[in-house]
Amino acid sequence: MSGNKQYYITSPIYYVNDVPHIGHAYTTLACDVTARFKRLEGYDVHFLTGTDEHGQKVEKSAAAAGMNPQEFTNQVSKNFRDLAESMNYSHDDFIRTTEERHIIASQAIWRKLQENGHIYLGTYAGWYAVRDEAFYDESELSDGEGGRKLAPSGAEVEWVEEPSYFFDLSQWQEPLLKFYEKNLDFIAPKSRRNEVISFVKGGLRDLSISRTSFKWGIPVPGDPDHIMYVWLDALTNYITAVGYPNKSDSFSKWWPANLHMVGKDILRFHAVYWPAFLMGAGIKVHQKVFAHGWWTNEGQKISKSIGNIIDPNEIVNTYGLDQVRYFLLREVPFGNDGDFSKKAMISRINSDLANDLGNLCQRVLSMVNKNCNSKVPKYTLAGVTDYPVFRTLQEVHSLLPKVREKINQQAFHDALEEIWRVIRNANQAIDESAPWTLRKTNPQGMADVLYTLMEVIRFFAIILQPFMPDSCSKILEQLSVSEDERDFSSIEIPSKPKLFGTSSLKPGTKLPKPNGVFPRFSDDQSAD
Ligand code: ME8
């Protein structure tokens, strides 16, 4: 397989002011599925995630916990690393913005922007929301209770007046608009792209990029009274991780990133500020930003104050890891907002996983176990070419390009629906081919049908690995597929008119005893 195609994908780096919740798990999961898919396709992948540890919000949370910020960030950052472990993410690097490599990179981009004439000293007087770590224009605010002013996100804003360095963002309106025009896929989904373009068309103001009223941040080079604005620091993580400012092999290999995956709340930072910073510093701009939607919990906005935060570890313990991974990407079209409900979760587990995929595997593997001596059946296809399962095999052969196209569009739900359409057809084809009848009337026909079905299952298990790595690995073990025969080169389509290819299952191979992979979830298992 060629090792010369690269793919660099990043999740946001999460603020360490809080415990991880389902929203954090979701974004990184989407990255993980993409990274695993690309690896199986033969790409050399770099998948980055991490924690955003500076800024006023983190400093305040540390103070509230009675800890110094560094101790506090060490502790909370660990929760995010543990989450990555328990969600089975396959990241190649976990960056923390308090690391030395990142301080060096952030100061280097600052110097570059300064050298290129894009930074000047002034005074900031305006509104700031600590929760969003963002500056807002008076015109964007609304009135909250007790005369408080609120940002569009609902976060409370405060008036800030302090000396500040500015980045000349106002100069970047035209270059940005031109860039969006030339790079039609830069912002996805399309509705978000239109939103960003109209924001930029509305005019850009210079951006305050330093603070003096608190200390928890990266010192501005040459002026230690100032610390860098947390978003300039945070966005730089994407280049720190691949070696910036060292224009080493690593940097030229991975940068520009193929995809920054983010939630809709932070699109502006990734689609406006970050490209402007990069252009200002003379660095290539990333290739794409995809902004997904937000989860609610049983119809309600998720918030700490309501106390309805969904803990990913808790749902994994209740429903199972791969069940949660599947649900999150199947239930809601990626890009839209969606609702987490126990009912929907249980329904996906029981209908899609237990009934459709689980039953398919269980029916076929237990028939093979009972009737074919626990070995991969020997097919001959002598005189039989019209069993419905052969049509299913052909459908399976055309799946990979369709799924690839959906993954490249971040349409995870559609990728899964494509696969499930064929899984459902496979179950129907078993009924129509009726191998249990053939057992008596035409044992060779039964062997042909069962072999074909095992091949169908092998395709599903290989193609679904990015979504449900553990479960697919169990299925592949039950098919006696070795670990070096599980990438996408192993599901290449055999040249017509052949039904099976060189990497197909080897007849006569001994099989382990089959074991159900997707149990049903009964209501009395429910968490409440
Ligand atoms: O914004 N549904 O960090 P953050 C879906 N440090 N996704 C959600 C969600 C929800 N209800 N709530 C949060 C930051 N998210 C910055 C990022 S990147 C250089 C710096 C996800 O801890 C979503 O991806 O507030 C959102 O963008 C991210 O968590 C925000 O995480």
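Mentor: First, terms: strands (E, at least two residues) and helices (H or I, at least four) are DSSP runs, numbered from the N terminus. Two strands pair if DSSP finds at least two bridges between them. This is a predicted model: local features need pLDDT of at least 70, side-chain atom pairs need 80 or more, and totals for chains, interfaces and linings use all residues. Residues are numbered from 1 along each chain as its sequence is written, and side-chain values use heavy atoms, without hydrogens and water.

Trainee: OK. What stands opposite Glu-158 in β8?
Mentor: Tyr-128 does. Strands β4 (residues 119-129) and β8 (residues 158-167) pair in the antiparallel sense over 10 bridges.

Trainee: What order do the strands of that open sheet have?
Mentor: β5-β4-β8-β10, with antiparallel pairing. β5 (134-136) and β10 (207-208) are at the edges with a single partner strand each, so one side of each has no neighbour in the sheet.

Trainee: Back to Tyr-128. Which charged end sits over its ring?
Mentor: That of Arg-211, 4.4 Å from the ring centre. The rule: NZ of Lys or CZ of Arg within 6 Å of the ring centre and within 35 degrees of the ring normal.

Trainee: New topic. How many aromatic pairs does the structure hold?
Mentor: 33. Rings of Phe, Tyr and Trp (its six-membered ring) pair if their centres lie within 6.5 Å; planes under 30 degrees apart are stacked, over 60 edge-to-face, the rest tilted. Phe-135 and Tyr-229 form a tilted pair, 5.0 Å centre to centre, with 55 degrees between the planes.

Trainee: Where do those two sit in the chain?
Mentor: Phe-135 is in strand β5, Tyr-229 in the loop between β13 (223-228) and α7 (230-235), 94 residues apart.
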